[in-house]
Amino acid sequence: QVRLVESGGGSMQAGGSLRLSCTVTGNTDLTTYMAWFRQAPGKEREGVARIRLYDSNTEYADSVKGRFVISQDKAKKTVYLQIKSGNPEDTAMYYCAARDHGYRGYLQSGDTLKPETYGYWGRGTQVTVSS
């Protein structure tokens, strides 16, 4: 089993920066993608960014493009989400997710920022951006 643990959440003012971490334990032999999602009260869970682990190919939601960076440290089995410049609209619980190859079938275009694409989830870390 894969276990994901997020850390690094906190509060910041608009324009500030924060780096979230997701540390992975367990059997990751089949893990192909990892991603960050967020969910604000009353809103649907939103895909923020994902990374393909074997080549570090990335994808971002339009709402965070240019402001967030997803990256990995393979040796540490850690995926990061760097919030370079936060907005109040970024306030949410941020969740780390991982996908095994072939989970619920093979990927289709547009699937990699959808929650149902991922089978493993962390408990989340809160990010609050004040104006």
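This is a predicted model: local features need pLDDT of at least 70, side-chain atom pairs count only at pLDDT 80 or more; totals for chains, interfaces and linings use all residues.
Residues are numbered from 1 along each chain as its sequence is written, and side-chain values use heavy atoms, with hydrogens and water left out.

**Exercise 1. The largest pocket**

Find which residues line the largest pocket, and sort the lining by class.

Solution. 

Step 1: Start with the term. On a 1 Å grid over the protein atoms alone, a cavity is a set of points where a 1.4 Å probe fits but cannot get out, and a pocket is an open set with protein on both sides within 12 Å along at least five of seven lines; lining residues have an atom within 4 Å of a point. Grid points are joined across faces, edges and corners, and the volume is the space filled by probe spheres set on the points.

Step 2: The volume of the largest pocket comes to about 170 Å³.

Step 3: Its lining consists of Val24, Thr28, Thr31, Met34, Leu53, Gln72, Asp73, Lys74, Lys77, Thr78 and Val79.

Step 4: Now sort them. Ala, Val, Leu, Ile, Met, Phe, Trp, Tyr, Cys and Pro count as nonpolar, Asp, Glu, Lys and Arg as charged, and the others, Gly among them, as polar. The lining then has four nonpolar, four polar and three charged residues.

Step 5: Look for the strands (DSSP runs of E, at least two residues, numbered from the N terminus). At least two lining residues come from each of β4 (31-39), β7 (68-73) and β8 (78-83).

Step 6: Lys77 sits in the loop between β7 and β8. From Lys77 to Thr28 the C-alpha distance is 9.1 Å, although they are 49 residues apart in sequence.

**Exercise 2. Aromatic pairs**

How many aromatic pairs are there, and which parts of the chain does the pair of Phe37 and Trp121 tie together?

Solution. 

Step 1: Apply the rule. Rings of Phe, Tyr and Trp (its six-membered ring) pair if their centres lie within 6.5 Å; planes under 30 degrees apart count as stacked, over 60 as edge-to-face and the rest as tilted. This gives three aromatic pairs.

Step 2: Phe37 and Trp121 make a tilted pair, 5.0 Å centre to centre with 55 degrees between the planes. Because Phe37 lies in strand β4 and Trp121 in strand β10 (residues 120-121), the pair ties together parts that are 84 residues apart in sequence.

Step 3: Check the surroundings. Phe37 is buried at 0% relative accessibility, whereas Trp121 is partly exposed at 28%.

Step 4: Turn to Phe68 and Tyr94, whose ring centres are 6.5 Å apart and whose planes meet at 45 degrees, so this pair is tilted. Phe68 belongs to strand β7 and Tyr94 to strand β9 (residues 92-100), so the pair ties together parts 26 residues apart in sequence. Phe68 is buried at 2%, and Tyr94 is buried at 0%.

Step 5: Phe37, Tyr118 and Trp121 form one aromatic cluster.

**Exercise 3. A charge over two rings**

Over which rings does the charged end of Arg45 sit?

Solution. 

Step 1: A charge sits over a ring if NZ of Lys or CZ of Arg is within 6 Å of the ring centre and within 35 degrees of the ring normal.

Step 2: For Arg45, one such ring is that of Tyr95, with its centre 3.9 Å away. Another is the ring of Trp121, at 5.0 Å.

**Exercise 4. Gln72 and Ser56**

Trace the polar contacts of the Gln72 side chain, then describe the phi of Ser56.

Solution. 

Step 1: A polar contact is a pair of N or O atoms within 3.5 Å; within protein, one must be able to donate a hydrogen and the other to accept it, and residues adjacent in sequence count only if both atoms are side-chain atoms.

Step 2: Gln72 is in strand β7. A polar atom of its side chain lies 2.8 Å from the backbone oxygen of Leu53, and a 2.9 Å polar contact joins the side chains of Gln72 and Ser56.

Step 3: Ser56 is in the loop between β5 (46-52) and β6 (58-60) and is partly exposed at 34%.

Step 4: Most residues other than glycine have a negative phi. Ser56, which is not a glycine, has a positive phi of about 65 degrees.

Terms used
Helices (H or I, at least four residues) and strands (E, at least two) are DSSP runs, numbered from the N terminus. Buried means under 20% relative accessible area, exposed over 50%, partly exposed in between (1.4 Å probe, protein chains only).
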